Every structure is written in structure tokens, then in C-alpha cells.
Amino acid sequence: MTGLILLVALLVIGTPVLALLAFSRAQKLSEKVDSLRPQDLISRIYALEQKLDRLEKLFQTRTASPEIASAESVKPSVPHAAPATEPQPAPIGAPKVTPQPQPLPPAPPVRPTTSTSASTARTAPNSPTFAPIAHASTTSSHDLESLIGGSWFNRLGILALIVAVCLFLKYAFDNDWIGPTGRVAIGLFLGAAMLPWSQWLLGRGYSYFSEGIAAFGQATLLLSVWAGCRYYTLFSLDVGFAAMIVVTAVMAAVAIGRNSERIAVLSLIGGFLTPALLSTGRDQEFALFTYLLILGAGFLVTAGFRNWSSLAPISFFLTQIYFWGYYSEFYRPAKLAMTLTFATLFFLLFMALPAIRAARRSTLETLELFVILLNSFAYMGALYAMLWPGYRWPLTLAVLLLSALHLGIARFVRSDKPGEWTASQQLLAGLALTFVTIAIPIRLDGKWITLAFAVEAALLIRMGYRSMAPLLRAAGFVLLGIAALRVLLIPLPAEHFLFNERFATFLGVIACMGFALYSAQQQRSSPDVEFDSTDLTLLAGLSIVMNIYALVALSLELWDYFGHSATIGIDRGLAQHLALSVLWTAYATVLLIVGMKRQSQLLRWQALILFGAAVLKVFFYDSSFLERFYRILSFFILGIVLMVVSLLYQRKTTRDRLPS
């Protein structure tokens, strides 16, 4: 009974399919007949009539040539212009008519059998052109009728038959006419039949419709295999897994054969659905990640040969979903080696295709750059999640190797213009710099992080000015700003005067600022380099910040020294303020002297501003809070210094006025 029901089901399913094939064949023949429109037939008849007319003229010329020659031998010559008083006689056999000045010659004789068609062709050669015009309305209505009856009804009929088959199958399943084995077999049969049907539709120009049928066939096959091994348990999971791999491989082959990126995307998604459909909820790391590696490698190789850009980002995102899903569910520190190995292989896999394409051409697409960026930071996140904080040295080494890898790829990228970095090179170099910067706080602590940031910033600024790369300079200045903020905001110990961590860190940051200024001035002296106003403003600001940091570092040292020293007869607070006044005045004097010697207006203005700050402090603070002796000493030192400054400026003014 079951076999009979299965046979009936196959007949019900197969009959509509055969009917569809027969109907499509008949439709094709009908389209060929309909393609012969009335205007085409008229044009062909007209061309045939012209050929017959030419053959008839050729035949008459050959048969009448002897008679014409004899007639011309006895025929009297006719003058071109006869006198008006002597009209010419009419030809023999012609009807008698009133004499005319210049009568037209009679038409040549024609064959009786073709007189009608030939005369029609000669007298009205353009008559066939009126037939399409007269038939235009009929033709347009005929085209619309063919479109509705031959095309639209065809699609609706196919859709109706598919719905009927689906409803019948559902009815049969609900009434247990077909058992689990039959249901899975029918699903496999239908899914497999849709692939050749899709190819048949593609051959007739229905490209989008054929791709949809192919995708529906793949989904039917995957669902049938899943139902067979998971829902009905007709076969084992290993058999189901192998069957799904075969389905994915077949769909990939179809995509390659058709050169269809859309089918390749659908096949890729189906391949990534396989582990989820057959998941048992158990830890199977090696099998899962090995399958993902093979699947991703196969599709990335295909994308490389076919130049398909959408496969890499889709494969990357789906792989990351599986990886982090496994990490959150099953990862344990004991699995560090295997999980870290697979994370590294995933990173190299998705780095390989963009690196190869970057080496072949000078530019990468936006999606490829996006994959490079996300892939690098995803791997960095995996390293940090598994190695921090227990493995700081291995983590630091891995991040440095990651930076070296990006820098090496950037150097091998081909550039159309030598000496200029492409967008791909700049992105790779920026990632290399980012990872070096990240490695510093991973391994170092406290002041060493600040000093490492400052040194790296100085090197970047020097490289940026030497290679005239604005991005490197910008990164260097940003990193130098971070180091400067760290030295101000993070407290450091200062137990001894000048010989302590705080002053050493300040001194290191100030030295890096000076090195950056020196690099810029050295590059500015080159005759081939011109600095714009932004660069000059930035360098001027860096010079001011460097002097401010030097003054702050010295002020902190003097403040702490006089605050902790127990000098006999001197109040610590008064001594601290007096030391600051003396320091600011002395520092301003040094700036003024250097500015005059180097003819730097910027240094002289800094000196004048610092003198102004010292004057305000002495007149408003020292005169109010210091004791008489310290007040007198403060004013005395300030007055002497201001007199010296005035003298220096008078000498400068006099020297500038003298003729050279």
C-alpha cells in the first residue's frame, strides 16, 4: 500500500513537471510562428516581386534585341526639334491623337502573365510601406495579447502548479499517506530537479528567475537532509554532514559554471548554515573550525579567480559569529593552544586575499579595506581575550609581529606613482603604527608608557617630515599630545631634587618635543620643501608648549625642594614663592637672550609674556604676602632684570636703525 501511495505521489508530482516542459516547448514553437508578423510577410513578397521584375526585364532585353536592331535600320531619323508647321506622323499602330509638340514614347511591352504584379511594382514601388502603417494598431494589440497570454499566463500557470503540488504534499503528509522516508525522498527529488530546471530557464533568458529556482533547490535539499538526520533520524549526522557538504560543493560548481556571484553567495550562506543545522550542542572545536577554514578557503579562492568582492566580507562575518559564539560557550584556558591556533589561521586566511590583490594592483576596494581593518582588530581582540593578563610577554610579542606583518605588506604593495603611498599602504602602515602603540601599555607601566609614547611620536614626526607624509606627522603629534597629558595628569614620585622619576619623565617628553622641532627645522631648510601656514602654526605651538613644560618641570622641582627643606630662619611657603619669582625671571631672561641671538621673534615674545607674569606676581602677590626682607629681595631682583631687559632692547633698536 505504501509503495502504491508513493507511486501515486510521484505521478502527481511528475505529471505537472512534464506538463510544464511540454507547455514550454509548445510556447516556444508558438513564439516562432508569432514572430512572422504580417509586415514581415509583405516585405518578403515585395522583395520577391522586385527580383521577378529584374529577371523579366533581362529576359525581354535578350529576346527583343534582334527586332530592335532591324527596326532601327529602316526607321527614319527623327530630329530633336521639329518645326511647328510640320508635325511628325504618329507611329504605326498608335491611336490617332492630336499632335503635340513633344509626345512621350510609349511604354515597352510586358509579359501578360506578370503584367499586374510588374505594373504594380513599377507604378507604386513604395506601396508595401503603407501596409505596416495600416496594420500598426493590429500589431500593437497582437503584441499585448501575446505578452499576456504567452508570457504572463505561463508564469502564473507555473506558480499555480507549484502551489498545487505543495498543497498536495502537505495534505498527504497531514494524512500520513507518505511516511518519513517518502517525505525526505520527495524533498531530495524536488530539490535535485530544480537545478536542471534552473539551467533550462537560464537558457531561455530568465536569469533572475533561474537563480531563484536554484536557490530554492539548494534550500530544499538542505532542509530535506536536515529532516532526514535530525527530525526523522533516518540516517546519522555524519551522513547528513557529508550530504550537506556535497550540496554546497554542487552549488559552488553551478555558480562558477554560470559565473553567477549571486548563486555563489547563496551557496556560501548554505555552507555556513550546515554546522548550525546539524549542531548537537557539544564541544566539537576541531571539526567545526576545520570545516570553516576549508569552506572559507574554497570560496576565497573562487572569489580571487572570479573577482567577486562580496564573498570575503560575508565569509568573514559568519566565521566571526561562529568563533565568538564558540568562545563564549565552550572556551576554557586549557584550550588556549588550539583556539589561538585557529584564530591565527582565520586571521591569515582573510588577510591573504586582500594582500595578494594589493600586491597586484595599487588600489583596493572599500569592502576589502573594511575587511582588512576588521580582521586585524578582531584578531587583536582574540589575542587580548586569551592572553591578558597572564601572558603579557607573549601578547606583546604577538602584537609586535602583527604590526611587522602589516608594515611588510604595505612595503610590498605596488604603487603607480613611486614615492607616493596609496590608500592601501597608508591603511596598512596606520595599522602597523596602531599595534606598536598598543604593545607599549601591554608590556610597560607608568612612566615607561609615557616615555615610549613620546619617543614613538618623535620618530613618527621625523619620518613624516622626511617623507612629507601628513598622516604620519598627524599621528606623531597626536601621540605626543597623549604623552604630554600623561606626564601632567599621572602623579609620579619625586623624592630627590632633579634626580627623580617625575623630572626624568618631563625631561624625556621635552627632549622628544625638541627632537620633533629639530626635524622640522632641518626639513624646512631644504630648498625643495615649502611649509604652509598650518605647519608653521603647529611648530610655533610646539615651541611654546616645550618651554611651558620646561618651566613647569623646574617650578615643581623648586617648589618641592623649598617645601621640604628645613632651612633655619626661612619660612617654607615664603621661600617657595620667592623661588618661583626668581625662576620665572631667570627663565624669561634666558629666552630673551636666545631670541635676540637667534633673531627669533617668537622666543622674544615668550620672554616678554613670562616677564609680565613675573611682574604681576611680584607686585600683587609678593608685595602682599611676603615679609619685608623677601619683598625687598623680590623687587630688587625684578628691577635689576627689567633694567637689563630694557638695555638689551635699546641696543637692539639702535642696531636696527644703523645703516647696514
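Glu211 is buried, its relative accessible area being 11%, where buried means under 20% relative accessible area, exposed over 50% and partly exposed in between, calculated with a 1.4 Å probe on protein chains only. Its side chain meets that of Arg262 in a salt bridge, a term that stands for a side-chain nitrogen of Lys or Arg within 4 Å of a carboxyl oxygen of Asp or Glu. The two residues are 51 apart and link distant parts of the chain, with Glu211 in helix α7 (residues 207-231) and Arg262 in helix α9; helices are DSSP runs of H or I with at least four residues, numbered from the N terminus. Arg262, at 44% relative accessibility, counts as partly exposed.

This is a predicted model, in which local features need pLDDT of at least 70 and side-chain atom pairs count only at pLDDT 80 or more, while totals for chains, interfaces and linings use all residues. Residues are numbered from 1 along each chain as its sequence is written, and side-chain values use heavy atoms, with hydrogens and water left out.

The whole structure holds 8 salt bridges, including these:

| Pair | Closest N to O distance |
|---|---|
| Arg357 and Glu368 | 2.5 Å |
| Asp560 and Arg502 | 2.5 Å |

Arg357 in helix α12 and Glu368 in helix α13 are 11 residues apart in sequence, so their pairing ties these parts together; both Arg357 and Glu368 are buried. Asp560 belongs to helix α19 (residues 533-564) and Arg502 to helix α18 (residues 501-524), so this pair ties together parts 58 residues apart in sequence. Asp560 is partly exposed at 21%, whereas Arg502 is buried at 14% relative accessibility. Through shared partners, salt bridges join Arg502, Glu557 and Asp560 into one network.

Leaving aside residues up to four places away in sequence, Phe289 touches Tyr322, Phe323, Tyr326, Phe342 and Phe346, contact meaning heavy atoms within 4.5 Å.

Thr450 is found in helix α16 (residues 447-466) and counts as buried at 3% relative accessibility.
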